[in-house]
Amino acid sequence: MASNLDFSLTLSLLFAAAVLLQWLLRIWLVSRQVRHVARHRATVPEAFSNRISLAAHQKAADYTLAKAKLSLIDITLSAAVLLCWTLLGGLDRLNHGLLELMGPGLGQQLALLASFAVISTLIEMPLSLYQTFRLEQRFGFNQMTLGLWLGDLCKSTLVGAIIGLPLAALILWVMGSTGSLWWLWAWGTWTVFNLLLMWIFPSFIAPLFNKFEPLADESLKSRVTQLMERCGFAAKGLFVMDGSRRSAHANAYFTGFGNSKRVVFFDTLLKQLNPGEVEAVLAHELGHFKHKHITKRMVMMFGVSLLGFALLGWLSQQPWFYSGLGVDILQSKYLGVPAENNALALLLFMLAVPVFSFFITPLMSAMSRRDEFEADAYAMQQADGAQLASALLKLYEDNASTLTPDPWYVSFYYSHPPAVDRLARMPAPSGSL
């Protein structure tokens, strides 16, 4: 029978191989994207030649290339940080440092989770600052000041602590107090929390970061209301969000759950699109509800999370799971026995699972692109398809989205079909941009 040492070594090798393979695959995909976009930078694709200017096409290409090159740094940094946390013993050292400082117990476990979150944020901060204040600024998208960026960081940290620490404490208590089926109770707690968060987010959390004002344009409001009535969709209200405070990018979305659902338009979107185009974009979003895409994704998410908690319930009892990922749970200066630390199991699981689940990304992306096509088809039944095509072209141009992505990169990452594929199924928009 294989020993814990054998299992530990096997897990270490599998994890290291998966991290390396993921890194190589991501670098290869981004490199393909860079070469493909750069190769087609000089000429607007024929399908868009009468709608998109060469200057706009080249801006989108340059923006895509800049983001891709920055992602090469992010990919390598993320892989290095992951290995430092796990196989190189970073999480183990942090845990034992807190044990020496605080002793074992729930407080130490919460401190471990909080310390991990803070350190991770500090590591990611330089790239985040560069992307916002150099890359996005260079292409005219950033509207944030450093003060607003820091304010958002403080608010999100405070909200995360107020919501996250009590939830973490509850989950850790469930793990240590409800027996061998703790993972089932923990999953139930996590599920209820997510449903509650969907309900409270629009009314209590989102307003901490943005201003939401009722849609003032009565003509557009009437048009949108009639569309929702035709589609059998009820919302608590129509709101305009001051997205322009942070970015020039445009968007619209539904948020909330049950009777708290609301429609939110970025102010930038309303400036860029005419009423018919806004109606068509909203009809697309309503298509997701008509086809129950949101509900299906929620059910799938909860189903996958149930399997994840069950797997965690088993792995957390295996010594090789910890040692195989760089944590020595047998070391303890307290009473000569290992101190129970379920926070370690949670963190290791959160670090390891994305490494292996990354390889099903193409499947998830393909499912998402299928949903987008269905939503487009529904939108063309409820609104003017030519207006939808016109809106998409404007959004592609205003958001500097490349019209010539690499096909392999699309297959792996794109949650939305490329412009040429979406527009091929729509009536040709009239006029020019």
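Predicted model: local features only at pLDDT ≥ 70, side-chain atom pairs only at ≥ 80, totals over all residues.
Is D152 buried or exposed? At 14% relative accessibility, D152 counts as buried. The side chain of D152 meets that of R246 in a salt bridge, with 2.7 Å from N to O. The two residues come from distant parts of the chain: D152 belongs to helix α5 (residues 146–177), R246 to the loop between β2 and β3, and 94 residues separate them. R246 is buried as well, with a relative accessible area of 16%. Side chains of opposite charge can pair when their charged atoms come close.

The model holds 10 salt bridges. One of them joins R32 and D406, at 3.0 Å from N to O. R32 sits in helix α1 (residues 4–39) and D406 in the loop between α14 and α15, so this pair links parts of the chain that are 374 residues apart. The two partners can be set side by side by their accessibility: R32 counts as partly exposed at 22%, whereas D406 is buried at 1%.

Another salt bridge is formed by R297 and D371, whose closest N and O atoms are 3.2 Å apart. Here the link runs between helix α10 and helix α13 (residues 361–382), across 74 residues of sequence. R297 is partly exposed, with a relative accessibility of 33%; D371 is buried, with a relative accessible area of 6%. Salt bridges also connect R223, R230 and E279 in a network.

D371 leads on to a histidine. H288 lies in helix α9 (residues 275–290) and is buried at 6% relative accessibility. Leaving aside residues up to four places away in sequence, H288 touches H293, I294, D371, E372 and A375. D371 is therefore both a contact of H288 and the salt-bridge partner of R297, and it is itself buried.

Next come the strands. Strand β4 (residues 262–266) is mostly covered, with five of its five residues buried. In a regular strand the side chains alternate between the two faces of the sheet. In β4, R262, V264 and F266 point one way, V263 and F265 point the other way, and all are buried. Strand β4 has pairing partners in β2 and β3. With β2 (residues 238–241) it pairs in the parallel sense over four bridges, while four bridges join it to β3 (residues 252–255) in an antiparallel run. V264 takes part in both pairings: it is the bridge partner of F239 and also of Y253.

Two residues call for a look at the backbone. Most residues other than glycine have a negative phi, and most peptide bonds are trans. K292 has a positive phi of about 60 degrees although it is not a glycine. K292 lies in the loop between α9 and α10 (293–315) and counts as exposed, at 51% relative accessibility. A400 also has a positive phi, of about 55 degrees, and is not a glycine either. Its place is the loop between α14 (385–398) and α15 (407–413), but A400 is buried, with a relative accessible area of 3%. D406, the partner of R32, lies in the loop between α14 and α15 too.

Finally, the cysteines. The count of disulfides comes to zero. Among the cysteines, C84 is partly exposed at 40% relative accessibility, and C231 is buried at 15%.

Methods:
Residues numbered from 1 in each chain as written. Heavy atoms only, no water. Disulfide = S-S within 2.5 Å. Buried < 20%, exposed > 50% of the residue type's maximum accessible area, 1.4 Å probe, protein only. Contact = heavy atoms within 4.5 Å. Pairing = 2+ DSSP bridges. Salt bridge = Lys/Arg side-chain N within 4 Å of Asp/Glu carboxyl O.
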